[in-house]
Amino acid sequence: GLMLNANEHVIEGTMSNVFVVKDQVIFTPELSLSGVKGIIRGVILEIARSKKLLIEEASLTRDFVLAADELFVTNAVIGVWPITLLENTSYPVGGWTQKIMTHLADFKAHDIKS
């Protein structure tokens, strides 16, 4: 499930952070007023910025999320988990989601070796 804040913006998943891919940009909710800044969310923000991927923290409406090209959630236990169905809309496990999954796996492998 996805959670909304008091302003009716998507803020996070249940026990996860949410990412929306739309028009070649990765979006994640801006969490200054509510929500949990998970460890993997922070790692993905760091990876995306270091790889020069377009990533933005923003207020995300329900309609914006439903119009996504790709969706995924993250947490420290599951890593990256693609969302393939939300409110009767199917989403592919697209190229951006796969790219983030690969970069996160590389990051974890590097971290284990260090």
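One definition before we start. Two strands pair if DSSP finds at least two bridges between them. Keep that in mind. And note that this is a predicted model.

Now apply the rule. How many bridges join strand 1 to strand 2? Three. At least two are needed, so strand 1 and strand 2 count as a pair. Strand 2 covers residues 9–13, and the two strands run antiparallel. For a landmark, find Leu4. It stands opposite Val10 in strand 2.

Step back to the whole chain. The protein chain has three helices and 10 strands. Read from the N terminus, the elements go β-β-β-β-α-β-β-α-β-β-β-β-α.

Next, overall dimensions. The C-alpha trace spans about 40 × 30 × 25 Å along its principal axes. The radius of gyration is 13 Å. Why does that fit a compact globule? Because a compact globule of 114 residues would have a radius of gyration near 13 Å, and the chain agrees with that.

What about burial and contacts? Of the 114 residues, 42% count as buried. Take the contacts with a separation of 6 or more: 56% of them come from residues 24 or more positions apart.

Then the surface. The accessible surface of the protein chain is about 6600 Å². Carbon and sulfur atoms account for 56% of that area. On charge, there are 10 positive and 13 negative side chains. The centres of those two sets lie 8 Å apart.

Now some single residues. Start with Thr74, in strand 7, which is residues 70–75. Is Thr74 buried or exposed? Its relative accessible area is 0%, so Thr74 is buried. What does Thr74 touch, leaving out residues up to four places away in sequence? Ser16, Asn17, Phe19, Ile40, Arg41, Ile44, Gly79 and Val80.

Move to helix 3, residues 95–113, and find His103 there. Its relative accessibility is 18%. Buried means under 20%, so His103 counts as buried. Again leaving out residues up to four places away in sequence, His103 touches Ile47, Lys51 and Leu53.

Last stop, backbone angles. Most residues other than glycine have a negative phi. Two residues here have a positive value. Glu8 has phi near 65 degrees, and it is not a glycine. Asn88 has phi near 70 degrees, and it is not a glycine either.

Where do they sit? Glu8 is in the loop between strand 1 and strand 2. Asn88 is in the loop between strand 9, residues 85–86, and strand 10, residues 89–90.

Are these two buried or exposed? Glu8 has 57% relative accessibility, so it counts as exposed. Asn88 is exposed as well, with a relative accessible area of 77%.

To recap, look at Thr74, buried in strand 7. Then look at Asn88, exposed in its loop. That's my tour. Thanks, everyone.

Notes:
Residues numbered from 1 in each chain as written. Predicted model: local features only at pLDDT ≥ 70, side-chain atom pairs only at ≥ 80, totals over all residues. Heavy atoms only, no water. Helix = DSSP H or I, 4+ residues; strand = E, 2+ residues; numbered from the N terminus. Rg over C-alpha atoms; globule rule 2.2 N^0.38 Å. Buried < 20%, exposed > 50% of the residue type's maximum accessible area, 1.4 Å probe, protein only. Contact = heavy atoms within 4.5 Å. Areas by Shrake-Rupley, 256 points an atom, 1.4 Å probe, with all protein chains shown as cover. Lys, Arg positive; Asp, Glu negative; His and termini not counted. Charge placed at Lys NZ, Arg CZ, Asp CG, Glu CD.
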